[in-house]
Amino acid sequence: MYYDLKSTQFYPTYLRALWRTLLPDAMLAPRLGRREADIKNRMVAPQLKNFEGILSTDVKHDEGSKVEAFVKETFDASLCWEDIEWLKSITNLPILIKGVLTHEVARKAVEVGVAGIVVSNHGGRQLDYTPTTISVLEEVVDAVGRKVPVLLDGGVRRGTDVFKALALGAQAVLVGRPVIYGLAANGERGVRRITEMLKDKFELTMALCGCPVVMDITRSHVRTECDKLHSML
Ligand SMILES: Cc1cc2nc3c(=O)[nH]c(=O)nc-3n(C[C@H](O)[C@H](O)[C@H](O)COP(=O)(O)O)c2cc1C
């Protein structure tokens, strides 16, 4: 069945239909995903400097993840598109919406007036079977049509990942865990090293792809699974 689908034009459509059934709403996680490892390990949010009183560990639950219990008590599950309007009314800061994975949601986000979009599946930590962000980036970029910047996060581990995202239309990428790993391994130096590694490999990729400046990175520098399928038709 996989082979048949792959050899027809319906393959991407089918795959997208499948994904849609599992796509979480883009509104900044109204609830926490079921993080089984956290539940098993009875995860406790550490008391972080500068977050005193915000990220509390003081939750009265004896079992399961305390992060889950904390989120239940603090997150507002009624969060919806209208809240963007309210957010805009209380700040002059640009509001970016994170967690966008489809063209429908991207268009809606532009419609409600966000300043930017982050294509993200929250590091794959919220819901299993969400698509990889790189695989839906182009769909979002096309839907947004340069009206606002589109950023991407999730799985950016090498300079080549940065290059691929820019070639597919992202204006920038964001990294999560690599920075945390660098911090855990070697503190501030570790974080610097991670950013240097990403930057160096990105520059090398540009050089090897014949791109002296970032503006030279184009869509033709990458070939996606969809491109391969189209070329077979
Ligand atoms: C420890 C940890 C905590 C996170 N907390 C949040 C959060 O509170 N809200 C959110 O939108 N994303 C959260 N994320 C997801 C990150 O913002 C980001 O989308 C993700 O880590 C990017 O993927 P990467 O780690 O593969 O680079 C968290 C990620 C990690 C690793």
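**Notebook: contacts, core and ligand shell**

I note here that the model is a predicted one.

I next looked up the secondary structure. I found 10 helices and 4 strands in the protein. Following the sequence, I wrote the pattern down as α-α-α-α-α-β-α-β-α-β-α-β-α-α.

I then turned to burial. The protein has 233 residues, and buried residues make up 23% of them.

I looked up the largest nonpolar core, which has 34 residues. The members that touch the most other members are Val100, Ile117, Val119, Leu137, Val140, Ala165 and Ala170. I listed the elements that each supply at least two residues of this core: the strands are S1 (96-100), S2 (116-119) and S3 (150-153), and the helices are H6 (103-111), H7 (133-144), H8 (159-167) and H9 (177-208). Helix H7 gives the largest share of the core, with 7 residues.

Which residues does Ala165 contact, leaving aside its neighbours within four places in sequence? I recorded Ile134, Leu137, Leu152, Ala170 and Val173. Among these partners, Leu137 and Ala170 are also listed with Ala165 among the core members that touch the most others.

Last, I examined the surroundings of the ligand. There are 13 residues around the ligand, and Gly123, Asp153, Gly154, Gly176 and Arg177 come nearest.

Conventions:
Residues numbered from 1 in each chain as written. Predicted model: local features only at pLDDT ≥ 70, side-chain atom pairs only at ≥ 80, totals over all residues. Near = placed C-beta within 6 Å. Buried ≥ 20, exposed ≤ 12 C-beta atoms within 10 Å, placed from the backbone. Core = buried A, V, L, I, M, F, W, Y, C linked by C-beta atoms within 7 Å. Contact = placed C-beta atoms within 7 Å.
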